[in-house]
Structures are given as C-alpha cells and as structure tokens.
Amino acid sequence: MQVGDRVACEPSWHCGACDMCLRGLENLCRNVIFPSFPDNPGAMAEYIAVPAFSLCRLPDSVSFTAGALAEPLGVGLHAVRLSGLEPGQDVAILGAGAIGVSILDVCLHFGAARTYVAEPMIDRQAYPRRLGATVKSSAAELEAIFEADASHPPIVFEASGGATAFSECLPLVRPAGCAAIVGIPEPDEQCYSARVPRRKELTVQFCRRSRNTLEECVRLLAEGELHAEQYPVREFSLDEAPQAMQAAMNYDGDMIRAIVRP
Ligand SMILES: [Zn+2]
C-alpha cells in the first residue's frame with residue numbers, strides 16, 4: 001500500500017485476538033468496531049484513520065463509487081457463500097435495496113438460473129428487471145408463481161428487513177432448501193408458523209455482515225463480473241451529507257445508496 005493509492009475500506013474492524021477471530025470468523029469478533037456507529041463517530045469526514053488490514057487497493061478500472069459499493073456487495077457475497085448456492089439453481093430475493101441488488105448480482109455471477117425478486121417500491125423494481133429477474137411487488141405474488149407448478153427455489157434470501165418478511169420468506173423455499181436471512185428484522189421479535197419450515201425441513205441461515213469479501217469483490221468489479229457501476233445510486237458532496245442521509249431515509253426514487261464524495 002502506497003501513499004496516494006485509491007482504496008476501498010471494509011468498515012468493520014476485528015480485534016484479531018478473540019476466539020472468533022482465531023477461528024477465522026472475523027465478522028463475529030467479540031470486540032468488533034464499526035466506524036461511524038454512535039459509539040465510534042467521525043467517519044463522515046474528508047480524511048479518517050483506518051487499520052491497514054481493512055483496506056484494499058482499487059485498480060484504475062474500479063471507480064470510487066463502485067469501491068464504496070464493495071461493502072454491500074460483500075454482504076451479498078457472504079450471504080450467497082453461506083447459502084451454498086450452486087450453478088443452475090433458482091433463487092428468490094425479498095427486497096431490492098442495495099443488499100438485495102448485491103445478492104442478485106452475486107447470484108448471477110455464480111450461475112443462478114431463474115431469479116425472482118419481491119420489491120414493493122415501483123422505482124426499485126426496474127434495476128433487478130434489467131438484470132433479468134422476474135420482479136413482483138410482494139412475496140405472496142412470488143408464492144403464487146411457485147405454487148402454480150411447484151417451482152419453489154431451493155434458496156430464498158430475505159434482504160428487506162420487513163416486519164413480516166421472515167415469516168413470508170419461509171413458504172417460498174423448496175423442501176430441504178435454505179432461507180438465508182440477511183435483512184435485520186424490524187421489530188426484533190418475529191412471529192412465524194413453525195409448521196412451514198418444520199414440515200419442509202428447511203435450513204434457516206442467518207447472515208452477519210460480511211467476512212473476507214473485500215478483495216474478492218474488488219477483483220470481481222475490476223473483471224466486470226459484478227456491476228456496481230450500474231447500480232442506481234446518487235452522489236452527494238460532503239456539504240450535502242445531510243441531504244444524502246435524508247434521501248436514504250426517505251427511500252428516494254430508485255436510489256439504493258447515497259454516495260457522499262468528500
Ligand atoms: Zn476478535
């Protein structure tokens with residue numbers, strides 16, 4: 001790493017010494033630091049000191065915007081790895097925000113066959129459609145498609161964090177399949193019918209951020225295998241950071257990420 005290098009940063013800093021780190025499960029570090037969370041303020045700045053291990057040099061072909069999107073892409077890559085996706089398998093994804101879109105992009109890279117997305121916001125339906133997904137407004141509409149010919153996909157990713165998304169994703173999964181829970185459920189306590197996953201012997205795989213994904217994401221971006229350059233994002237200057245936050249909170253238009261460019 002040289003002074004002046006363009007870099008992407010993994011915004012999750014592990015201690016390297018706890019039992020989870022020593023097992024190679026750095027995302028589950030017991031002493032992890034997330035910069036810019038309330039107890040670690042100050043990351044929204046022109047310069048910030050970060051641990052060297054959290055950085056990855058950006059090749060000239062990867063823009064700063066795509067580099068910033070290596071973080072949600074890493075969440076997508078981690079979830080797809082945990083799901084055990086194999087080439088030729090169908091997948092469904094609930095939610096087409098930055099994480100849902102990242103999961104879709106990674107699934108296509110790994111050879112997913114048919115892809116289905118449930119996203120209620122009309123503006124957010126266009127981009128996954130461009131990637132070839134069948135997009136509906138709700139999980140119930142996807143369920144109707146799958147019920148018609150018993151075509152339930154073996155893997156369903158929950159990436160919306162919606163209030164009822166956890167219970168809604170379980171009926172979509174093929175028996176003996178996997179529900180990968182990536183979204184952070186709100187509210188925290190969730191209700192679901194145990195009968196659904198029990199009778200289908202489902203695996204429910206919770207996913208926590210990302211693990212060892214930054215370098216692979218940057219490499220795949222450089223090779224044109226992932227397409228963050230085309231994601232519907234909007235850029236803001238540092239002075240416009242409050243507007244960027246507001247736009248993100250308002251789910252403005254088709255924007256899946258607000259990028260602040262210092
Ligand atoms: Zn640790």
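**Entry 1: the sheet**

I count two strands as paired if DSSP finds at least two bridges between them. The model I am reading is predicted. On that basis I looked up the sheet. I found an open sheet of 6 strands, in the order 5-4-3-6-7-8, with parallel pairing. Strand 5 (134-136) and strand 8 (203-206) are the edge strands, and each pairs on one side only.

**Entry 2: strand partners**

I went through several pairs. Strand 3 and strand 4 (residues 115-118) run parallel and are joined by 4 bridges. Within that pair, Ile93 stands opposite Val117. Helix 4 (residues 98-109) packs on the sheet here and touches strand 3, strand 4 and strand 6. Its direction makes about 165° with that of strand 3.

Next came strand 6 and strand 7, which pair in the parallel sense over 4 bridges. Glu158 stands opposite Ile181 of strand 7. Strand 7 is joined to strand 8 by 4 bridges, also in parallel. There I noted Ala179 opposite Val204. Helix 3 (residues 70-83) lies across strand 6 (155-158), strand 7 (178-181) and strand 8. I read its angle to strand 6 as about 145°.

**Entry 3: faces of strand 7**

**Entry 4: Leu94**

I picked Leu94, which sits in strand 3 (residues 91-94). Why does Leu94 count as buried? Its relative accessibility is 4%, and the cut-off for buried is under 20%. I then listed its contacts, leaving out residues up to four places away in sequence. Among them are Ala118, Ala139, Leu142, Phe157, Glu158 and Cys169. I also checked Val32: it is 62 residues from Leu94 in sequence and 28 Å away in space, C-alpha to C-alpha.

I turned to the second largest pocket. Its volume is about 320 Å³. It is lined by 15 residues, and the closest to its centre are Glu10, Phe53, Asn212, Thr213 and Leu214. Which elements supply at least two residues each of this lining? Strand 2 (55-57) and helix 9 (214-222) do. By class I logged 4 nonpolar, 7 polar and 4 charged residues in the lining.

How values were computed: Residues numbered from 1 in each chain as written. Predicted model: local features only at pLDDT ≥ 70, side-chain atom pairs only at ≥ 80, totals over all residues. Heavy atoms only, no water. Buried < 20%, exposed > 50% of the residue type's maximum accessible area, 1.4 Å probe, protein only. Contact = heavy atoms within 4.5 Å. Axes fitted to C-alpha atoms, helices over the stretch in contact; angles between N-to-C directions. 1 Å grid on protein atoms, 1.4 Å probe; cavity = no way out; pocket = protein on both sides within 12 Å on 5 of 7 lines; lining within 4 Å. Points joined across faces, edges and corners; volume = space filled by probe spheres on them. Nonpolar A, V, L, I, M, F, W, Y, C, P; charged D, E, K, R; others polar.
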